[in-house]
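Have the model open as you read.

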Amino acid sequence: MSSNQTPIAIVGGGPCGLATALLLAQSQIPCVVFEKKLGLSTHPKAMGISRRSAEIFRQLGILEALYEPTRHLTDSPDACLNIFARSFTGEEWGRIPLTEPVSPLSPGPSFHCPQTLTEQVLFHALEQAAPGCVRFQHEVTSVTHADNSVEFRAGDERWTADWLIAADGAGGQIRHELHVVSDGPGDMGHFLNVYLRAAYGPHLNGRRSLLFTVLSDDLVEVFVAVNGDDLWLMHHFLQPGEGPENYPADKLAAQIRRASGFPEIPVEVLSVSPWVMSPKVSRHFRRGRILLVGDAAARMSPAGGLGLNTGLQSTHNLAWKLAAVVRGQASPALLDTYEEERHGAALWTLDHTNKNSVEVYAIIQAAVERDWPQVRELISHNGRAGSRLGIDLGIEYPKGAVVADGTDPVPRNDPINDYPPNGRPGSRAPHFQLEDGRSVLDLFGKGFVFLAAETPPPESAKYRSQVMPRNSPFAATYGVDSGGGVLVRPDGYVAARWRNLPPTGAIEQTLANILWLDRA
Ligand SMILES: Cc1cc2nc3c(=O)[nH]c(=O)nc-3n(C[C@H](O)[C@H](O)[C@H](O)COP(=O)(O)OP(=O)(O)OC[C@H]3O[C@@H](n4cnc5c(N)ncnc54)[C@H](O)[C@@H]3O)c2cc1C
(Lines give C-alpha, C1' and ligand atoms only; values in the text may rest on other atoms or scores of the structure.)
Protein backbone atom coordinates (compact mmCIF):
# COMPACT_ATOMS: atom_id res chain seq x y z
CA MET A 1 0.00 0.00 0.00
CA SER A 2 1.50 3.38 -0.97
CA SER A 3 1.81 6.14 1.58
CA ASN A 4 -0.02 9.47 1.36
CA GLN A 5 2.09 12.56 1.97
CA THR A 6 1.51 15.90 3.65
CA PRO A 7 3.94 18.52 4.95
CA ILE A 8 1.96 18.83 8.19
CA ALA A 9 -0.44 16.35 9.76
CA ILE A 10 -2.68 17.55 12.58
CA VAL A 11 -4.13 14.83 14.78
CA GLY A 12 -7.41 16.05 16.30
CA GLY A 13 -10.13 18.26 14.88
CA GLY A 14 -10.99 19.95 18.18
CA PRO A 15 -10.67 23.73 18.51
CA CYS A 16 -6.88 23.73 18.82
CA GLY A 17 -6.32 21.41 15.86
CA LEU A 18 -8.72 23.44 13.71
CA ALA A 19 -7.21 26.77 14.79
CA THR A 20 -3.69 25.56 14.00
CA ALA A 21 -4.85 24.39 10.58
CA LEU A 22 -6.54 27.73 9.88
CA LEU A 23 -3.46 29.71 10.92
CA LEU A 24 -1.34 27.52 8.63
CA ALA A 25 -3.84 27.74 5.77
CA GLN A 26 -3.81 31.52 6.01
CA SER A 27 -0.02 31.31 5.64
CA GLN A 28 -0.51 29.12 2.54
CA ILE A 29 0.99 26.09 4.29
CA PRO A 30 -0.90 22.91 3.37
CA CYS A 31 -1.88 20.48 6.10
CA VAL A 32 -4.33 17.65 6.74
CA VAL A 33 -6.42 17.40 9.92
CA PHE A 34 -7.35 13.88 11.04
CA GLU A 35 -10.33 13.58 13.37
CA LYS A 36 -11.57 10.25 14.64
CA LYS A 37 -15.13 11.41 15.28
CA LEU A 38 -17.85 11.43 12.62
CA GLY A 39 -18.03 15.23 12.64
CA LEU A 40 -17.65 18.26 14.85
CA SER A 41 -18.50 18.15 18.55
CA THR A 42 -22.15 18.51 19.47
CA HIS A 43 -21.48 18.86 23.20
CA PRO A 44 -20.23 22.29 24.31
CA LYS A 45 -17.39 22.26 26.83
CA ALA A 46 -15.40 25.49 26.89
CA MET A 47 -17.45 28.69 27.01
CA GLY A 48 -15.17 31.49 28.20
CA ILE A 49 -13.19 33.24 25.46
CA SER A 50 -10.47 35.53 26.79
CA ARG A 51 -9.54 38.89 25.30
CA ARG A 52 -6.31 37.43 23.98
CA SER A 53 -8.18 34.58 22.27
CA ALA A 54 -10.56 37.16 20.82
CA GLU A 55 -7.52 38.98 19.41
CA ILE A 56 -6.40 35.73 17.77
CA PHE A 57 -9.89 35.15 16.34
CA ARG A 58 -9.86 38.74 15.09
CA GLN A 59 -6.59 38.07 13.29
CA LEU A 60 -8.15 34.95 11.78
CA GLY A 61 -11.11 37.04 10.59
CA ILE A 62 -13.72 35.05 12.54
CA LEU A 63 -14.30 37.16 15.66
CA GLU A 64 -17.61 38.62 14.51
CA ALA A 65 -18.98 35.19 13.55
CA LEU A 66 -18.29 34.02 17.10
CA TYR A 67 -19.16 37.16 19.01
CA GLU A 68 -22.34 38.38 17.30
CA PRO A 69 -24.52 35.34 18.09
CA THR A 70 -23.36 35.26 21.70
CA ARG A 71 -22.75 38.90 22.72
CA HIS A 72 -26.17 39.21 24.39
CA LEU A 73 -24.80 36.95 27.13
CA THR A 74 -22.08 39.41 28.11
CA ASP A 75 -23.52 42.72 26.91
CA SER A 76 -23.66 43.97 30.47
CA PRO A 77 -20.97 43.53 33.15
CA ASP A 78 -23.88 42.83 35.54
CA ALA A 79 -24.38 39.48 33.83
CA CYS A 80 -20.73 38.39 33.97
CA LEU A 81 -21.09 36.67 37.28
CA ASN A 82 -20.98 33.44 39.15
CA ILE A 83 -24.00 33.57 41.47
CA PHE A 84 -23.99 31.18 44.42
CA ALA A 85 -27.52 30.43 45.63
CA ARG A 86 -29.86 27.72 46.89
CA SER A 87 -31.34 27.49 43.37
CA PHE A 88 -31.57 29.73 40.29
CA THR A 89 -33.82 32.17 42.11
CA GLY A 90 -33.40 30.93 45.69
CA GLU A 91 -31.57 32.49 48.64
CA GLU A 92 -28.29 33.99 47.44
CA TRP A 93 -24.98 33.28 49.20
CA GLY A 94 -22.97 35.74 47.18
CA ARG A 95 -21.64 36.50 43.72
CA ILE A 96 -18.21 36.56 42.15
CA PRO A 97 -17.72 38.91 39.21
CA LEU A 98 -16.14 37.27 36.17
CA THR A 99 -14.02 39.09 33.58
CA GLU A 100 -15.51 42.35 32.32
CA PRO A 101 -16.29 41.99 28.63
CA VAL A 102 -14.63 45.11 27.26
CA SER A 103 -11.31 46.74 28.09
CA PRO A 104 -9.65 49.75 26.43
CA LEU A 105 -6.44 47.69 26.49
CA SER A 106 -7.66 45.21 23.87
CA PRO A 107 -9.69 45.28 20.65
CA GLY A 108 -10.94 41.82 21.62
CA PRO A 109 -13.83 41.40 24.04
CA SER A 110 -13.89 38.65 26.59
CA PHE A 111 -17.05 36.69 25.85
CA HIS A 112 -18.99 33.51 26.36
CA CYS A 113 -19.22 31.20 23.36
CA PRO A 114 -20.15 27.52 23.31
CA GLN A 115 -17.28 25.37 22.06
CA THR A 116 -19.63 23.83 19.50
CA LEU A 117 -19.99 27.23 17.80
CA THR A 118 -16.25 27.89 18.08
CA GLU A 119 -15.54 24.63 16.28
CA GLN A 120 -18.21 25.25 13.60
CA VAL A 121 -16.89 28.71 12.79
CA LEU A 122 -13.27 27.51 12.70
CA PHE A 123 -14.26 24.59 10.48
CA HIS A 124 -16.20 26.74 7.99
CA ALA A 125 -13.34 29.24 7.76
CA LEU A 126 -10.97 26.35 7.18
CA GLU A 127 -13.20 24.90 4.48
CA GLN A 128 -13.01 28.27 2.71
CA ALA A 129 -9.24 28.54 3.07
CA ALA A 130 -8.31 24.89 2.43
CA PRO A 131 -11.32 22.89 1.24
CA GLY A 132 -11.34 19.23 2.22
CA CYS A 133 -8.36 19.41 4.57
CA VAL A 134 -10.30 17.92 7.50
CA ARG A 135 -10.72 14.14 7.34
CA PHE A 136 -13.38 12.91 9.75
CA GLN A 137 -13.53 9.25 10.78
CA HIS A 138 -9.77 9.03 10.48
CA GLU A 139 -8.29 7.82 13.75
CA VAL A 140 -4.53 8.16 13.82
CA THR A 141 -2.56 5.21 15.18
CA SER A 142 0.93 3.70 14.97
CA VAL A 143 2.80 7.01 14.98
CA THR A 144 6.54 6.50 14.45
CA HIS A 145 9.44 8.81 13.79
CA ALA A 146 11.36 8.07 10.61
CA ASP A 147 14.62 9.85 9.66
CA ASN A 148 13.18 13.07 8.32
CA SER A 149 9.48 12.43 8.65
CA VAL A 150 6.72 10.97 10.79
CA GLU A 151 4.81 7.90 9.68
CA PHE A 152 1.38 6.87 10.90
CA ARG A 153 -1.89 5.22 10.00
CA ALA A 154 -5.12 7.19 9.63
CA GLY A 155 -8.07 4.83 9.45
CA ASP A 156 -6.89 2.25 6.94
CA GLU A 157 -4.52 4.63 5.13
CA ARG A 158 -0.77 4.98 5.52
CA TRP A 159 0.58 8.51 5.77
CA THR A 160 3.93 10.26 5.92
CA ALA A 161 4.27 13.84 7.16
CA ASP A 162 7.24 16.15 7.56
CA TRP A 163 5.75 17.37 10.85
CA LEU A 164 2.96 16.06 13.05
CA ILE A 165 0.96 18.20 15.45
CA ALA A 166 -0.67 16.25 18.26
CA ALA A 167 -3.88 18.17 19.02
CA ASP A 168 -5.51 14.99 20.29
CA GLY A 169 -6.82 16.45 23.53
CA ALA A 170 -6.61 15.52 27.20
CA GLY A 171 -7.19 11.84 26.46
CA GLY A 172 -4.81 11.80 23.48
CA GLN A 173 -2.41 8.89 23.20
CA ILE A 174 0.42 10.43 21.25
CA ARG A 175 2.17 12.06 24.21
CA HIS A 176 2.00 8.74 26.09
CA GLU A 177 3.50 6.89 23.14
CA LEU A 178 6.30 9.47 23.13
CA HIS A 179 6.80 8.87 26.90
CA VAL A 180 6.25 12.55 27.64
CA VAL A 181 5.86 12.98 31.39
CA SER A 182 3.33 15.50 32.74
CA ASP A 183 3.51 17.64 35.88
CA GLY A 184 0.59 18.80 38.00
CA PRO A 185 -1.70 17.67 40.77
CA GLY A 186 -3.60 15.19 38.61
CA ASP A 187 -6.99 13.81 39.60
CA MET A 188 -8.99 16.58 41.33
CA GLY A 189 -12.44 15.10 40.81
CA HIS A 190 -14.71 13.21 38.44
CA PHE A 191 -17.68 14.93 36.83
CA LEU A 192 -20.55 14.58 34.44
CA ASN A 193 -20.95 17.52 32.09
CA VAL A 194 -24.67 17.47 31.22
CA TYR A 195 -25.98 19.44 28.25
CA LEU A 196 -29.66 20.15 28.74
CA ARG A 197 -32.66 22.01 27.44
CA ALA A 198 -34.93 23.67 30.02
CA ALA A 199 -36.61 27.05 29.60
CA TYR A 200 -35.22 28.72 32.73
CA GLY A 201 -34.34 32.06 31.08
CA PRO A 202 -37.79 33.72 31.38
CA HIS A 203 -38.13 32.65 35.03
CA LEU A 204 -34.95 34.14 36.47
CA ASN A 205 -36.63 37.32 37.74
CA GLY A 206 -33.88 39.49 36.31
CA ARG A 207 -31.14 37.48 38.02
CA ARG A 208 -28.83 37.18 35.02
CA SER A 209 -25.59 35.27 35.32
CA LEU A 210 -23.25 33.16 33.23
CA LEU A 211 -22.75 30.70 36.07
CA PHE A 212 -25.12 29.61 38.81
CA THR A 213 -23.56 27.52 41.54
CA VAL A 214 -26.39 25.84 43.39
CA LEU A 215 -25.52 25.11 47.01
CA SER A 216 -28.36 23.81 49.13
CA ASP A 217 -28.66 21.53 52.13
CA ASP A 218 -28.19 18.40 50.04
CA LEU A 219 -27.15 19.56 46.56
CA VAL A 220 -24.10 20.96 44.81
CA GLU A 221 -24.53 21.61 41.08
CA VAL A 222 -22.97 24.17 38.75
CA PHE A 223 -25.09 25.50 35.87
CA VAL A 224 -23.46 27.31 32.95
CA ALA A 225 -25.55 29.40 30.54
CA VAL A 226 -25.19 28.23 26.94
CA ASN A 227 -27.68 30.65 25.37
CA GLY A 228 -29.00 32.31 28.53
CA ASP A 229 -32.46 31.01 27.77
CA ASP A 230 -33.21 27.32 27.33
CA LEU A 231 -29.78 25.71 26.84
CA TRP A 232 -27.55 25.01 29.83
CA LEU A 233 -24.68 22.88 30.97
CA MET A 234 -24.70 21.32 34.41
CA HIS A 235 -21.53 20.04 36.05
CA HIS A 236 -22.39 17.21 38.36
CA PHE A 237 -19.78 16.03 40.87
CA LEU A 238 -19.45 12.26 40.96
CA GLN A 239 -18.89 10.50 44.28
CA PRO A 240 -16.03 7.96 44.55
CA GLY A 241 -17.01 4.78 42.73
CA GLU A 242 -19.74 6.49 40.69
CA GLY A 243 -19.74 6.70 36.89
CA PRO A 244 -22.08 7.74 34.08
CA GLU A 245 -23.86 4.39 34.39
CA ASN A 246 -25.23 5.56 37.75
CA TYR A 247 -26.97 8.49 36.07
CA PRO A 248 -29.51 7.51 33.42
CA ALA A 249 -31.22 10.47 31.73
CA ASP A 250 -34.38 10.32 33.87
CA LYS A 251 -32.34 10.42 37.10
CA LEU A 252 -30.31 13.36 35.82
CA ALA A 253 -33.45 15.21 34.74
CA ALA A 254 -34.94 14.73 38.22
CA GLN A 255 -31.73 16.04 39.79
CA ILE A 256 -31.74 19.08 37.48
CA ARG A 257 -35.39 19.86 38.27
CA ARG A 258 -34.63 19.73 41.98
CA ALA A 259 -31.41 21.77 41.82
CA SER A 260 -32.87 24.45 39.55
CA GLY A 261 -35.70 25.23 41.96
CA PHE A 262 -38.13 24.94 39.03
CA PRO A 263 -39.48 21.38 39.50
CA GLU A 264 -42.36 22.08 37.12
CA ILE A 265 -40.20 23.13 34.12
CA PRO A 266 -39.56 20.18 31.76
CA VAL A 267 -35.94 19.12 31.29
CA GLU A 268 -34.49 17.35 28.27
CA VAL A 269 -31.02 15.87 28.70
CA LEU A 270 -29.32 16.38 25.33
CA SER A 271 -25.95 14.74 25.99
CA VAL A 272 -23.69 13.73 28.84
CA SER A 273 -19.91 13.93 28.80
CA PRO A 274 -17.96 12.40 31.68
CA TRP A 275 -14.63 14.03 32.46
CA VAL A 276 -11.88 13.97 35.04
CA MET A 277 -10.38 17.19 36.31
CA SER A 278 -6.73 16.31 36.00
CA PRO A 279 -4.67 19.46 35.58
CA LYS A 280 -1.24 18.69 34.19
CA VAL A 281 1.32 20.24 31.88
CA SER A 282 3.38 18.00 29.60
CA ARG A 283 7.06 18.40 30.37
CA HIS A 284 7.88 18.59 26.67
CA PHE A 285 5.88 20.23 23.90
CA ARG A 286 8.23 18.98 21.18
CA ARG A 287 9.73 15.60 20.45
CA GLY A 288 11.66 15.77 17.19
CA ARG A 289 9.12 16.27 14.43
CA ILE A 290 6.09 15.93 16.71
CA LEU A 291 4.63 18.97 18.49
CA LEU A 292 1.94 18.94 21.18
CA VAL A 293 -0.72 21.67 21.29
CA GLY A 294 -3.94 22.34 23.19
CA ASP A 295 -4.96 19.92 25.91
CA ALA A 296 -2.39 17.44 24.65
CA ALA A 297 0.25 19.90 25.89
CA ALA A 298 -1.51 21.38 28.93
CA ARG A 299 -4.71 20.40 30.71
CA MET A 300 -6.15 23.08 32.99
CA SER A 301 -8.75 22.96 35.71
CA PRO A 302 -11.89 24.55 34.23
CA ALA A 303 -12.13 27.00 37.15
CA GLY A 304 -11.25 30.22 35.40
CA GLY A 305 -11.99 28.99 31.89
CA LEU A 306 -8.41 29.00 30.67
CA GLY A 307 -7.97 25.57 29.06
CA LEU A 308 -9.01 26.42 25.54
CA ASN A 309 -7.60 29.92 25.85
CA THR A 310 -4.18 28.58 26.82
CA GLY A 311 -4.34 26.09 23.96
CA LEU A 312 -5.22 28.77 21.42
CA GLN A 313 -2.28 30.90 22.48
CA SER A 314 -0.02 27.89 22.03
CA THR A 315 -1.33 27.24 18.52
CA HIS A 316 -0.77 30.91 17.71
CA ASN A 317 2.78 30.69 19.03
CA LEU A 318 3.52 27.51 17.09
CA ALA A 319 1.86 28.15 13.71
CA TRP A 320 4.08 31.01 12.48
CA LYS A 321 7.22 29.19 13.59
CA LEU A 322 6.25 26.00 11.80
CA ALA A 323 5.25 27.97 8.69
CA ALA A 324 8.67 29.66 8.67
CA VAL A 325 10.44 26.30 9.02
CA VAL A 326 8.36 24.65 6.26
CA ARG A 327 9.09 27.59 3.94
CA GLY A 328 12.80 27.26 4.67
CA GLN A 329 12.90 30.72 6.24
CA ALA A 330 13.90 29.42 9.67
CA SER A 331 15.93 26.60 11.13
CA PRO A 332 13.95 23.76 12.79
CA ALA A 333 15.69 24.89 16.00
CA LEU A 334 13.16 27.73 16.07
CA LEU A 335 10.59 25.12 17.08
CA ASP A 336 12.41 24.57 20.38
CA THR A 337 11.38 28.09 21.32
CA TYR A 338 7.75 26.98 21.14
CA GLU A 339 8.30 24.78 24.18
CA GLU A 340 10.62 27.33 25.78
CA GLU A 341 7.96 30.04 25.60
CA ARG A 342 4.72 28.17 26.08
CA HIS A 343 5.72 25.64 28.73
CA GLY A 344 6.38 28.33 31.33
CA ALA A 345 3.20 30.18 30.35
CA ALA A 346 1.18 26.98 30.75
CA LEU A 347 2.71 26.20 34.16
CA TRP A 348 1.89 29.69 35.41
CA THR A 349 -1.68 29.41 34.15
CA LEU A 350 -2.02 25.93 35.66
CA ASP A 351 -0.95 27.27 39.04
CA HIS A 352 -3.55 30.04 38.83
CA THR A 353 -6.39 27.74 37.77
CA ASN A 354 -5.47 25.24 40.50
CA LYS A 355 -5.72 28.01 43.08
CA ASN A 356 -9.13 28.87 41.62
CA SER A 357 -10.23 25.27 42.05
CA VAL A 358 -9.00 25.13 45.63
CA GLU A 359 -11.00 28.27 46.43
CA VAL A 360 -14.12 26.87 44.77
CA TYR A 361 -13.70 23.56 46.59
CA ALA A 362 -13.40 25.40 49.92
CA ILE A 363 -16.76 27.08 49.25
CA ILE A 364 -18.32 23.76 48.32
CA GLN A 365 -16.88 22.07 51.40
CA ALA A 366 -18.37 24.77 53.63
CA ALA A 367 -21.72 24.22 51.88
CA VAL A 368 -21.52 20.46 52.38
CA GLU A 369 -21.01 21.21 56.10
CA ARG A 370 -23.94 23.65 55.88
CA ASP A 371 -21.73 26.36 57.30
CA TRP A 372 -23.54 29.14 55.45
CA PRO A 373 -21.76 32.07 57.18
CA GLN A 374 -18.47 30.54 56.03
CA VAL A 375 -19.86 30.08 52.50
CA ARG A 376 -20.73 33.78 52.38
CA GLU A 377 -17.35 34.75 53.84
CA LEU A 378 -15.36 32.66 51.34
CA ILE A 379 -17.34 33.98 48.37
CA SER A 380 -16.84 37.58 49.44
CA HIS A 381 -13.06 37.11 49.67
CA ASN A 382 -12.64 35.00 46.56
CA GLY A 383 -9.48 35.78 44.64
CA ARG A 384 -11.11 35.11 41.29
CA ALA A 385 -12.74 38.53 41.28
CA GLY A 386 -10.73 41.01 39.25
CA SER A 387 -9.94 42.17 35.75
CA ARG A 388 -7.65 39.20 34.99
CA LEU A 389 -5.87 41.46 32.53
CA GLY A 390 -2.49 40.16 33.68
CA ILE A 391 -3.14 36.51 32.99
CA ASP A 392 -4.96 37.41 29.80
CA LEU A 393 -2.75 40.02 28.10
CA GLY A 394 0.33 39.96 30.30
CA ILE A 395 1.84 36.56 29.50
CA GLU A 396 5.51 37.22 28.74
CA TYR A 397 8.25 35.10 27.23
CA PRO A 398 11.49 35.82 29.11
CA LYS A 399 13.43 33.77 26.56
CA GLY A 400 12.79 32.08 23.27
CA ALA A 401 12.36 33.74 19.88
CA VAL A 402 13.06 37.16 21.36
CA VAL A 403 16.14 39.35 21.83
CA ALA A 404 16.37 40.87 25.30
CA ASP A 405 17.20 44.57 25.46
CA GLY A 406 18.63 44.58 28.98
CA THR A 407 15.56 46.10 30.62
CA ASP A 408 13.82 44.57 33.62
CA PRO A 409 10.23 43.34 33.48
CA VAL A 410 7.70 46.04 34.31
CA PRO A 411 6.72 45.38 37.95
CA ARG A 412 3.23 44.07 38.65
CA ASN A 413 1.85 43.95 42.20
CA ASP A 414 -0.85 41.52 41.19
CA PRO A 415 0.36 39.52 38.17
CA ILE A 416 -3.08 37.99 37.57
CA ASN A 417 -4.95 41.28 37.33
CA ASP A 418 -2.31 43.93 36.54
CA TYR A 419 -1.29 44.51 32.96
CA PRO A 420 0.94 47.53 32.36
CA PRO A 421 1.11 47.81 28.55
CA ASN A 422 4.75 47.90 27.46
CA GLY A 423 6.94 47.02 24.52
CA ARG A 424 9.62 45.02 26.30
CA PRO A 425 10.82 42.12 24.12
CA GLY A 426 8.82 39.00 24.95
CA SER A 427 5.59 40.91 25.71
CA ARG A 428 2.38 41.03 23.73
CA ALA A 429 2.56 44.16 21.60
CA PRO A 430 0.09 46.56 23.26
CA HIS A 431 -3.05 47.71 21.51
CA PHE A 432 -3.85 51.28 20.58
CA GLN A 433 -6.09 52.70 17.92
CA LEU A 434 -4.65 53.88 14.61
CA GLU A 435 -5.89 57.00 12.82
CA ASP A 436 -8.09 54.94 10.49
CA GLY A 437 -9.85 53.30 13.45
CA ARG A 438 -8.05 49.97 13.20
CA SER A 439 -6.03 48.53 16.06
CA VAL A 440 -2.26 48.43 15.76
CA LEU A 441 -2.76 44.68 16.30
CA ASP A 442 -4.35 44.56 12.84
CA LEU A 443 -0.88 45.14 11.38
CA PHE A 444 0.34 41.80 12.73
CA GLY A 445 -0.06 38.26 11.44
CA LYS A 446 1.64 38.32 8.07
CA GLY A 447 5.37 38.09 8.64
CA PHE A 448 7.47 40.33 10.87
CA VAL A 449 6.68 44.03 11.05
CA PHE A 450 8.87 46.88 12.30
CA LEU A 451 6.88 49.62 14.03
CA ALA A 452 8.88 52.83 13.84
CA ALA A 453 8.29 55.89 16.00
CA GLU A 454 9.30 58.36 13.29
CA THR A 455 12.11 57.18 11.07
CA PRO A 456 11.38 54.19 8.82
CA PRO A 457 14.17 51.58 8.69
CA PRO A 458 15.78 50.62 5.36
CA GLU A 459 13.50 48.65 3.02
CA SER A 460 13.83 44.88 3.40
CA ALA A 461 12.17 41.84 1.91
CA LYS A 462 12.42 40.14 5.31
CA TYR A 463 10.04 42.41 7.22
CA ARG A 464 7.50 45.14 6.60
CA SER A 465 7.76 48.48 8.31
CA GLN A 466 5.21 51.00 9.39
CA VAL A 467 5.73 54.46 10.83
CA MET A 468 3.35 55.10 13.70
CA PRO A 469 1.20 58.24 13.69
CA ARG A 470 2.94 61.18 15.38
CA ASN A 471 0.17 61.79 17.90
CA SER A 472 -0.22 58.11 18.79
CA PRO A 473 0.77 56.66 22.18
CA PHE A 474 3.26 54.36 20.41
CA ALA A 475 6.59 55.77 21.62
CA ALA A 476 5.48 56.20 25.23
CA THR A 477 3.71 52.85 25.47
CA TYR A 478 6.36 50.82 23.69
CA GLY A 479 9.25 52.61 25.43
CA VAL A 480 11.17 54.01 22.45
CA ASP A 481 12.50 57.44 21.49
CA SER A 482 11.72 59.25 18.26
CA GLY A 483 14.24 57.26 16.20
CA GLY A 484 13.45 53.90 17.76
CA GLY A 485 11.04 51.09 17.09
CA VAL A 486 10.11 47.48 17.75
CA LEU A 487 10.17 44.34 15.65
CA VAL A 488 6.90 42.43 16.11
CA ARG A 489 6.44 38.73 15.37
CA PRO A 490 3.50 37.32 13.40
CA ASP A 491 1.85 36.30 16.68
CA GLY A 492 1.87 39.90 17.89
CA TYR A 493 4.72 39.52 20.38
CA VAL A 494 7.58 42.01 20.51
CA ALA A 495 10.70 40.22 19.27
CA ALA A 496 13.18 43.08 19.70
CA ARG A 497 13.21 46.75 20.66
CA TRP A 498 15.55 49.62 19.79
CA ARG A 499 15.12 52.67 21.94
CA ASN A 500 16.94 54.70 19.25
CA LEU A 501 17.59 54.24 15.55
CA PRO A 502 18.80 50.64 14.90
CA PRO A 503 22.33 50.54 13.41
CA THR A 504 22.52 49.55 9.73
CA GLY A 505 21.78 45.85 9.27
CA ALA A 506 20.76 45.40 12.93
CA ILE A 507 17.15 44.46 12.22
CA GLU A 508 18.06 41.83 9.61
CA GLN A 509 20.75 40.39 11.89
CA THR A 510 18.29 40.23 14.78
CA LEU A 511 15.78 38.49 12.57
CA ALA A 512 18.40 35.93 11.53
CA ASN A 513 19.14 35.29 15.23
CA ILE A 514 15.49 34.86 16.07
CA LEU A 515 14.97 32.44 13.20
CA TRP A 516 18.16 30.57 14.16
CA LEU A 517 19.53 31.07 10.66
CA ASP A 518 23.05 31.87 11.77
CA ARG A 519 23.40 29.38 14.60
CA ALA A 520 21.60 26.18 13.65
C1 LIG B 1 -16.40 20.64 31.36
C2 LIG B 1 -15.36 21.48 30.73
C3 LIG B 1 -15.49 22.87 30.69
C4 LIG B 1 -14.51 23.66 30.10
N5 LIG B 1 -14.65 25.04 30.07
C6 LIG B 1 -13.68 25.81 29.51
C7 LIG B 1 -13.79 27.24 29.39
O8 LIG B 1 -14.79 27.84 29.79
N9 LIG B 1 -12.78 27.95 28.78
C10 LIG B 1 -11.67 27.30 28.29
O11 LIG B 1 -10.76 27.99 27.78
N12 LIG B 1 -11.55 25.95 28.37
C13 LIG B 1 -12.52 25.19 28.95
N14 LIG B 1 -12.42 23.83 28.97
C15 LIG B 1 -11.28 23.19 28.34
C16 LIG B 1 -11.49 23.04 26.85
O17 LIG B 1 -12.67 22.34 26.56
C18 LIG B 1 -10.30 22.33 26.27
O19 LIG B 1 -9.14 23.03 26.69
C20 LIG B 1 -10.36 22.28 24.75
O21 LIG B 1 -11.40 21.46 24.29
C22 LIG B 1 -9.05 21.74 24.21
O23 LIG B 1 -9.11 21.69 22.81
P24 LIG B 1 -8.20 20.66 22.02
O25 LIG B 1 -8.47 20.92 20.59
O26 LIG B 1 -6.82 20.72 22.52
O27 LIG B 1 -8.73 19.22 22.48
P28 LIG B 1 -10.16 18.54 22.29
O29 LIG B 1 -11.24 19.54 22.28
O30 LIG B 1 -10.22 17.47 23.31
O31 LIG B 1 -10.06 17.90 20.84
C32 LIG B 1 -9.22 16.80 20.58
C33 LIG B 1 -9.77 16.08 19.36
O34 LIG B 1 -8.85 15.07 18.98
C35 LIG B 1 -9.58 13.94 18.55
N36 LIG B 1 -8.68 12.79 18.64
C37 LIG B 1 -8.11 12.27 19.76
N38 LIG B 1 -7.29 11.26 19.45
C39 LIG B 1 -7.32 11.14 18.10
C40 LIG B 1 -6.68 10.27 17.18
N41 LIG B 1 -5.81 9.34 17.57
N42 LIG B 1 -6.95 10.40 15.86
C43 LIG B 1 -7.81 11.37 15.42
N44 LIG B 1 -8.46 12.21 16.26
C45 LIG B 1 -8.21 12.10 17.58
C46 LIG B 1 -10.76 13.90 19.49
O47 LIG B 1 -11.84 13.16 18.95
C48 LIG B 1 -11.09 15.38 19.63
O49 LIG B 1 -12.04 15.81 18.68
C50 LIG B 1 -13.39 23.03 29.56
C51 LIG B 1 -13.26 21.63 29.58
C52 LIG B 1 -14.23 20.86 30.16
C53 LIG B 1 -14.09 19.36 30.19
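How far does a backbone N or O atom of Pro 15 lie from an oxygen atom of the ligand, and what is that distance in Å? It's 3.3 Å, one of the polar contacts (pairs of N or O atoms within 3.5 Å) listed here:

| Residue | Residue atom | Ligand atom | Distance |
|---|---|---|---|
| Pro 15 | backbone N or O | oxygen | 3.3 Å |
| Gln 115 | polar side-chain | oxygen | 2.9 Å |
| Val 140 | polar backbone | nitrogen | 2.9 Å |

This is a predicted model, where local features need pLDDT of at least 70, side-chain atom pairs count only at pLDDT 80 or more, and totals for chains, interfaces and linings use all residues. Numbering runs from 1 along each chain as its sequence is written, and side-chain values use heavy atoms, with hydrogens and water left out.

Altogether 31 residues surround the ligand, each with a heavy atom within 4 Å of it. Gln 115 is among the closest, along with Glu 35, Lys 37, Asp 295 and Leu 308.

Now for helix α2, residues 51–60. Eight of its ten residues are buried (under 20% relative accessible area, 1.4 Å probe, protein chains only); among them are Arg 51, Phe 57 and Leu 60.

How values were computed:
Buried means under 20% relative accessible area, exposed over 50%, partly exposed in between (1.4 Å probe, protein chains only). Helices (H or I, at least four residues) and strands (E, at least two) are DSSP runs, numbered from the N terminus. A polar contact is a pair of N or O atoms within 3.5 Å; within protein, one must be able to donate a hydrogen and the other to accept it, and residues adjacent in sequence count only if both atoms are side-chain atoms.
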